[in-house]
Amino acid sequence: MEKEEILHMFPASCRKLFDRAASAPEKLQEIRLRAKKPVILVKMQQEYFLTEAGQLTREVSGAKVVDAKELEEILQHICNYSVYAYTDEIRQGYLTLPGGHRVGVAGQVVMEGEDRIRTIKNIRYLNIRIAHEVKGAAKTVIPEVYENGRFCNTLILSPPGCGKTTLLRDLVREISEGNAWGRGMFVSVVDERSEIAGSYLGVAQNDLGIRTDVLDGCPKAMGMMLLIRSMAPQVIAVDELGSVEDVEAVEKVLRCGCHILATIHAEDMEELKQKAFMEKLLRERAFRRFIVMGKENGNCVVKNIYGCI
């Protein structure tokens, strides 16, 4: 990723302000913009404010404050000056940019009925999340998710912000391409929030391998069934199992003879066992491998890998 890729997320009038912030894009994680609030950047898990001169500072007193007009200009640029054309994405709360970067949006919600968001207007909060594809992230775990050349159903456990999606993405690539432990397989990804593939106009911006198909922006349970019918995958990959419906879909995937690769929010195996909606899958030993992630000295690490429990 190049510095220019970050700068082109902003209109020309703003690029000088963010020039220094984008100088080390591999370290930049988030740019948070709020109307009438200081600009906040997250680099290497550390928080910084941005001054009027584009300098990074720890002192909020000297921080650049964004007004609603500037925020609107940035949003218009992100939407290619046609916010209306991005209504469907805005309804979901985020926009996906070339390179797989994502812009979270918040503002005034307009409802359509009792349980459907029609759109979000008066957007006054943007969270630009910089995508970091880390090829090789799965290098140390790949040997552990195969038995005699066969991929084992695998569940990645992780608290938020510990790299589970990065690991999932690279595992998908390795499984799809094939490796020293197993041949390449047809993988289908249900990318509900466009975080795994980072699709832009339907094309994956991240490398998920030559045998991978992506269903972007579709709820997991619905997407798993659709892909089973349409793409005949050997492995289905999903991020963040979190409901009874997700688990029921996983059960159907397994009954169809397809393998599963998934993640879930959990600190450890004990917390996983406390999730009532996972009880049946654990009792039936649906997963053969459990990869537990966490942080050590501020770095995302694989803490443990367990076999069937």
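1. Basis. The model is predicted, so local features need pLDDT of at least 70 and side-chain atom pairs count only at pLDDT 80 or more, while totals for chains, interfaces and linings use all residues. Residues are numbered from 1 along each chain as its sequence is written, and side-chain values use heavy atoms, with hydrogens and water left out.

2. Helix H7. Helices (H or I, at least four residues) and strands (E, at least two) are DSSP runs, numbered from the N terminus. H7 covers residues 244-255, twelve residues. The expected span of a helix is 1.5 Å times one less than its number of residues. Just after H7, Gly 257 has a positive phi of about 85 degrees.

3. The buried residues of H7. Buried means under 20% relative accessible area, exposed over 50%, and partly exposed in between (1.4 Å probe, protein chains only). In H7, Asp 246, Val 247, Ala 249, Val 250, Glu 251 and Val 253 are buried. Their cover includes helix H6 (220-231), strand S15 (235-238), strand S16 (259-265) and helix H9 (279-283).

4. Asp 239. This residue sits in the loop between S15 and H7. Asp 239 counts as buried because its relative accessible area is 6%. Its side chain makes a polar contact of 2.7 Å with that of Thr 165 and one of 2.4 Å with that of Thr 263. A polar contact is a pair of N or O atoms within 3.5 Å; within protein, one must be able to donate a hydrogen and the other to accept it, and residues adjacent in sequence count only if both atoms are side-chain atoms. Leaving out residues up to four places away in sequence, Asp 239 touches (heavy atoms within 4.5 Å) residues including Lys 164, Leu 168, Arg 193 and Lys 220.

5. Ser 194 has a phi of about 60 degrees; Ser 194 lies in the loop between strand S13 (187-191) and strand S14 (212-216). Its relative accessible area is 3%, so Ser 194 is buried. Asn 80 has a phi near 55 degrees and is placed in the loop between helix H3 (68-78) and helix H4 (87-92).

6. Val 109. Where is Val 109 found? Val 109 is in strand S8 (residues 102-111). With a relative accessible area of 42%, Val 109 is partly exposed.
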